[in-house]
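Please consult the sequence and the structure shown below while reading it.

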Amino acid sequence: MGRLFANNIRLRLIASAGVVALSLPGMSWTANAQTISDAAGSTAAGGPGMDATAEAGVGDIVVTAQKRAQNLNDVGLSVSAIGSEELVNRGVSRPEDLAGVVPSLTVTRTQFDSPSYTLRGVGFYDSSLAATTTVSMYIDQVPLVYPIMARGAPMDLERVEVLKGPQGTVFGQNSTGGLVNYIAAKPTDTFKAGVNASYARFGQFDGDAFISGPITEGVTARLALATTQGGAWQKSATRPSDRLGDQRFTRGRLIIEAKPTETLRLTLMAHGWIDKSDTPAAQSVDDVERVNGEPVGPLLDISTNLQKALHKNPRIADWDEGRRLRRDDDFIQTSLRAELDVTPDIMITSISAYSHLRRDSLNDGDGTPAFNLLNRLYGSIDDFSQELRLSGEAADGRLIWSLGGNYQRSTVDDTEFALLNVDGGGFLIPGFGTFTDDVNLAFTKTRSLAAFANAEYELTPALTIYGGLRYTDNRISYRGCTADSGKGDIAALFGAIQQFALGITPTTAPGECATLRNTPETPPRELFTSGEYVSTLKENNVSWRIGANWKPFGDDTMFYANVSRGFKAGSFPRTGANLTSQLLPVTQEKLTAYEAGFKAALADRTLQINGAGFYYDYRDKQIRGRVATVFGQLEQLLNIPRSRIWGLELQTFWRPVTGLTISATGTYINSRILKNPDGTDFTTYPARAHNDDALIPITGSPFPFTPKYSASVDAQYDFPVSANLDAFVGGSMTYQSRTKSTLTPADVSRPADVSPSASATYNDPVFSLRPYMIFNARVGVRSADKRWNLSVWGRNITNKYYTPAITRTQDTIIRFTGEAATYGVTVGYNF
């Protein structure tokens, strides 16, 4: 084991150097037809078009949802498997694009340029770099522990598997909503290569290329590169010539597979990305500092042009003139997978991985041309994980089992340098300047240990039962505060609060933590003195799953039912904290899921129909909310004691005639908060009226970012033009019903003690995410031997205006819009 670990360290260092060399502007292959009819899931080179099994009807789809190769119709879970061809056809080049293919998945951009994932209504909206998600991300079963790491994952893929519901027994904690597993295209036994190039509206260029084949006897490799350049699609409402949105995003992946002996298989993977793209700007929709309908302090310069264009042009936004709003982020991950056949029926698998991420980005936080809020985000993540498992078969193959352990350690340094206008911050102290700098600091260390066991037993040829168990012990160490930047303005401000408002001697010094101590463990003599908050959160849990699969009519039809329990670990925030109580952690959340469904291949396997119904009992859901303090409403992470979700899903895949493929998916989700936190009146609803400090119970409210109805339809027709030329035409539609960007009270009536001018706080449509329907189209030709292809495509062809996220920042309410109509041409060649 020591020798294996030492070799692994050396291999990680070699791979790290290799991936840096890969991260140069280049091109990587993505537009390929796919056949996944065997356990290897090998990919056939080709252009956009039908699966190679299309003529025979619906081909068998092999997935690894249980960390072993299985036919999709044998897996008693709700799984969406999206092949490489569909990923290309639907324009999936970023993780957030998956929301257009998987209706129950919602991806939301936070104000600090980090993604937030919600699956079947289970999500955690927090912009901290160390915030783990409820929807785990993996690439070939290697964890991408933090959401930002997955930014470059969708490239050169065989498929993407989206597993719905708690996946803790097989994949671990922080998957209460489910998980996304990216399956990379693997090295081939013969030489293959391909190149694609696209040019689109707004001057965006996408290029990608791959080369794959044997290196020496028993060793194969695959190298893929991709780059996206240009595409500045946003324009300023007040400066018509200003543009924003250029991408400078390069990613690469190297996979080397070796078989030193007949019983040992090794896979070394190194992948990473460099992102120097523009950070997106928002639309400002209102000034929140109002008393009796009148603005408090200087009215922000929210452009009249911007207000008029809000529902007409998704390109319109605004930002500070002359600011270099860009990222300078990079990420690298190396992993080594080793599989050793101990006996013909028993295998040991080891997966070691090391990840490093660095972030440096400048974001405009208010969506206006006036200076109000700028955020400079610095940070780094170092993560190491090790899984060791033993798996095998017994009882003539009727029993399939696995057991093992997992270790994960990460260090996250998260810093937000906020340059802001204090006129909107709640403190108006005579003699202090309008602008100030503060630094929000969070340093987190996480250690997680887990042991697990899973088994599946075939009672009869038609009935299989299964179960799993995982014990996890988690420890998070944290230090955080809001500090003075060194200029002394924050120190002076907090010192004045201590002296004049609290009647104590000022303790805040320039360049030091300014946050005032008020947590329960604070000694009385230190109450409201300045300093950092230091804490450790220790938790453990047991995830489990039991279920049964029943095939009463043969292999083409299966009914399943299961009950599972999953957990998401607790978390500390990175936020602007006046009080240390704002830095208290949320404890782990627990979700118990009940699900039943069916999978059926009908009409001579030309029609596949999958359906599922589910009910979630949700305890201690984690949210980023607001609490009432002596300083007004302040942000804090909170647990909601009890909630519930229930819903229905239906998926169809149909090949009615040769060449025509139709797929459709629909989801209904009903969510509700059942109990407010004990002794606390709070809401995540960001009040617009500065004089309204009332916080409203949210019992009965639906979850944010959880539309009741969502659907997706895709169709494509392939046909021959001549003996040497084929053509295709296709299109897709994505629909999402109305939802909200934050928790709001179920009873939106205005309380009697609240003035009419504040009524918008309780029923304000500005926080509503309107329903939308997006249409995409594509048409193209390719050679009959699939050596070359040419296509023309359009996305959001009706230029639909929609808003994935709305939030309140310092003095404004801002919204992020979906991208405007885009069209382009793609050409590809396979060698």
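Contact means heavy atoms within 4.5 Å. The model is predicted: local features need pLDDT of at least 70, side-chain atom pairs count only at pLDDT 80 or more, and totals for chains, interfaces and linings use all residues. Residues are numbered from 1 along each chain as its sequence is written, and side-chain values use heavy atoms, with hydrogens and water left out.

**Overall chain**

- The protein chain comprises 5 helices and 42 strands; helices (H or I, at least four residues) and strands (E, at least two) are DSSP runs, numbered from the N terminus.
- Of its 831 residues, 59% count as buried, where buried means under 20% relative accessible area, exposed over 50%, and partly exposed in between (1.4 Å probe, protein chains only).
- Among contacts in the protein chain with a separation of 6 or more, 70% are between residues 24 or more positions apart.
- The accessible surface of the protein chain is about 31300 Å², and carbon and sulfur atoms contribute 58% of that surface; accessible areas come from the Shrake-Rupley method with a 1.4 Å probe, and for residues only the protein chains shown count as cover.

**Disulfide**

- The structure holds 1 disulfide, a term that denotes a pair of cysteine sulfur atoms within 2.5 Å.
- This disulfide is formed by C481 and C513, whose sulfur atoms are 2.1 Å apart.
- The pair links distant parts of the chain, 32 residues apart: C481 belongs to strand β27 (residues 463–484), while C513 is in the loop between α5 (489–501) and β28 (533–550).
- The link of C481 and C513 is left-handed, with -65° about the S-S bond.
- C481 and C513 are both buried.

**Residue I256**

- I256 is located in strand β16 (residues 247–261).
- I256 counts as partly exposed because its relative accessibility is 26%.
- Apart from neighbours within four places in sequence, I256 is in contact with V219, T220, A221, L266, T267 and L268.
- A distance of 9.0 Å separates the C-alpha atoms of I256 and A270, which are 14 residues apart along the chain.

**Residue D617**

- D617 is part of strand β31 (residues 607–629).
- D617 counts as buried because its relative accessibility is 17%.
- The side chains of D617 and R619 make a polar contact at 2.9 Å; a polar contact is a pair of N or O atoms within 3.5 Å, and within protein one must be able to donate a hydrogen and the other to accept it, while residues adjacent in sequence count only if both atoms are side-chain atoms.
- Not counting residues up to four places away in sequence, D617 touches K590, L591, T592, R642 and S643.
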